[in-house]
There are 2 protein chains.
Amino acid sequence: MRPQIVLFGDSITQQSFRSGGWGASLADTYSRKADVLVRGYGGYNTRWALFLLNHIFPLDSTKPPIATTIFFGANDAALPGRTGERQHVPVEEYKENLRKIVLHLKKCSPSMLIVLISPPPVDEEGRKEYAKSLYGEKAMTLPERTNEVAGVYAKKCVELAKDMGVRSVDLWSKMQETVDWQKKILSDGLHLTPEGNAVVWEEVVKVFNEAWLSAEAMPYDFPHHSEIDGKNPEKAFQQQCL
Amino acid sequence: MRPQIVLFGDSITQQSFRSGGWGASLADTYSRKADVLVRGYGGYNTRWALFLLNHIFPLDSTKPPIATTIFFGANDAALPGRTGERQHVPVEEYKENLRKIVLHLKKCSPSMLIVLISPPPVDEEGRKEYAKSLYGEKAMTLPERTNEVAGVYAKKCVELAKDMGVRSVDLWSKMQETVDWQKKILSDGLHLTPEGNAVVWEEVVKVFNEAWLSAEAMPYDFPHHSEIDGKNPEKAFQQQCL
């Protein structure tokens, strides 16, 4: 009955229903209009995401999502030769993997609204502090991610979206517009604070609105309570429910 | 693929995906295990909720929810002869309506975990202040809800749950255990603060755990990223995805 919006991504998507999270805010925005389903996989890169495609988005689905956000890259951009090496995916392969994901979704439903979200910026100092808080002096001294490299992946992501005629959010650039983004937007140099989550929510809603998926323009699923006559409630429900 | 948990109720359910909301927290608790769908209808009482039953919970569904929370009563308990009269439902009818909802859900799926949630307490002073903030001196002087009456409905809700062998959360009693609950738990004398939302989340998770729906005991939908071999990722996905 209710259309579905799927959020497909890594930990930044998986954690998006925590307090102040962008996924929860999106669910609230589309309250009584669309269901927001979170398909976030902490630690995953695009290479591993490919294994999930047929399961999360089966091609024979009779009711594919009306919209999907694809939000990978933070792990793909982990540097080779460092602690996150296992997650690293070369940037050209990252782009090709994103292309495969978009092609699969288009095959799943040609009318699906597809939004690519670039990885956010990285605060190397914040990552270092976070590592120290976990491992003390044993913490790695070389960064496992840099902001510069994250930017290269973000650029590829936006480029691919243009190539394929789908929409995108350049989070890497957008978030760096905030003064003191390192602390305001990021909680551990990589993941998002509530303020950072608010940026994702705002940007996604903006892109959804610019496309055709405006919550304001969508009808409520059932009558607003103010339209229900206390003495004759049947009337309000007649069209939809009787 | 993923089991569904449905939250059926009034505004306190509809708003449960706002920042710190109990619905969003529940979605986070069951992340990668179950989808939490919000079916909250602000202003609705149980009489109006009955019109929605066949639509939200069709009897011929091949995939009914594994669990549903039923959270009505705050509007049913609006006093007759006051500003909220339109929403008032006599307490015996409230109980019968809840019975109809439970019976429908049991018919929909005999194995569904059904949890009745009682209305929260009411802070009459808080309601008065809220009305004044909206309407100034024109605000009604007589309360449209009282804590005492909300308690009568809460008692009926818990009673009905026992009658029908389903689980319940007595929120009205539980919330009044908090010192200064009037301000700590309630934002406008009726709706919940983040602290109030946390109480609902804790109580619902407790009841789910006491039944058979413990998130900890449920498997992740796909491998945890730490189980994926960077050089041979196929292996981790072999069982579930290849």
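## The second largest pocket

A pocket is defined on a 1 Å grid over the protein atoms alone as an open set of points with protein on both sides within 12 Å along at least five of seven lines, whereas a cavity is a set of points where a 1.4 Å probe fits but cannot get out; lining residues have an atom within 4 Å of a point. The volume of the second largest pocket is about 670 Å³, where a volume is the space filled by probe spheres set on the grid points, which are joined across faces, edges and corners.

Two helices of chain A, α1 (11-14) and α5 (124-135), each give at least two residues to this lining. The largest share, five residues, belongs to α5(A). Helices (H or I, at least four residues) and strands (E, at least two) are DSSP runs numbered from the N terminus. By class, the lining holds nine nonpolar, 13 polar and nine charged residues; Ala, Val, Leu, Ile, Met, Phe, Trp, Tyr, Cys and Pro count as nonpolar, Asp, Glu, Lys and Arg as charged, and the others, Gly among them, as polar.

## Basis of the values

The model is predicted, so that local features need pLDDT of at least 70 and side-chain atom pairs count only at pLDDT 80 or more, while totals for chains, interfaces and linings use all residues. Residues are numbered from 1 along each chain as its sequence is written, chains are lettered from A and ligands numbered from 1 in the order in which they are written, and side-chain values use heavy atoms, with hydrogens and water left out.

## The largest pocket

The lining is made up of 17 nonpolar, eight polar and nine charged residues.

## Cavities

Three cavities of 30 Å³ or more are counted. The largest cavity has a volume of about 70 Å³. Its lining is formed from chain A by A:Phe17, A:Val36, A:Leu37 and A:Val38, and from chain B by B:Arg2, B:Ala27, B:Tyr30, B:Ser31, B:Arg32, B:Ala34, B:Asp35 and B:Val36. The elements giving two or more residues to this lining are β2 of chain A and β2 of chain B.

The largest share, three residues, comes from β2(A). Eight of the lining residues are nonpolar, one is polar and three are charged.

## The sheet of chain A

In chain A, five strands form an open, parallel sheet in the order β2-β1-β3-β4-β5. Its edge strands are β2 and β5 (167-169), each of which pairs on one side only. Neighbouring strands are turned by 20° against each other on average, direction ignored. Two strands are taken to pair if DSSP finds at least two bridges between them.

Strand β1(A) pairs with β3 (residues 67-71) of chain A in the parallel sense over five bridges; within this arrangement, A:Val6 has A:Thr68 of β3(A) as its bridge partner. Helix α9 (residues 194-210) of chain A packs on the sheet and touches β1, β3, β4 and β5 of chain A, its direction making about 160° with that of β5(A). Axes are lines fitted to C-alpha atoms, for helices over the stretch in contact, and angles run from 0 to 180 degrees between N-to-C directions. Contact means heavy atoms within 4.5 Å.

## Individual residues

A:Met112 lies in the loop between α4 (91-108) and β4 (113-117) of chain A. A:Met112 is buried, at a relative accessible area of 7%; buried means under 20%, exposed over 50% and partly exposed in between (1.4 Å probe, protein chains only). Not counting residues up to four places away in sequence, A:Met112 touches A:Pro65, A:Ile66, A:Ala67, A:Thr68 and A:Leu105. A:Ser214, in the loop between α9 and α10 (234-241) of chain A, is also buried, with a relative accessible area of 17%.

A:Asp180 occupies the loop between α7 (171-175) and α8 (181-184) of chain A and is partly exposed at 41% relative accessibility. Phi of A:Asp180 is near 60°, a positive value in a residue other than glycine.
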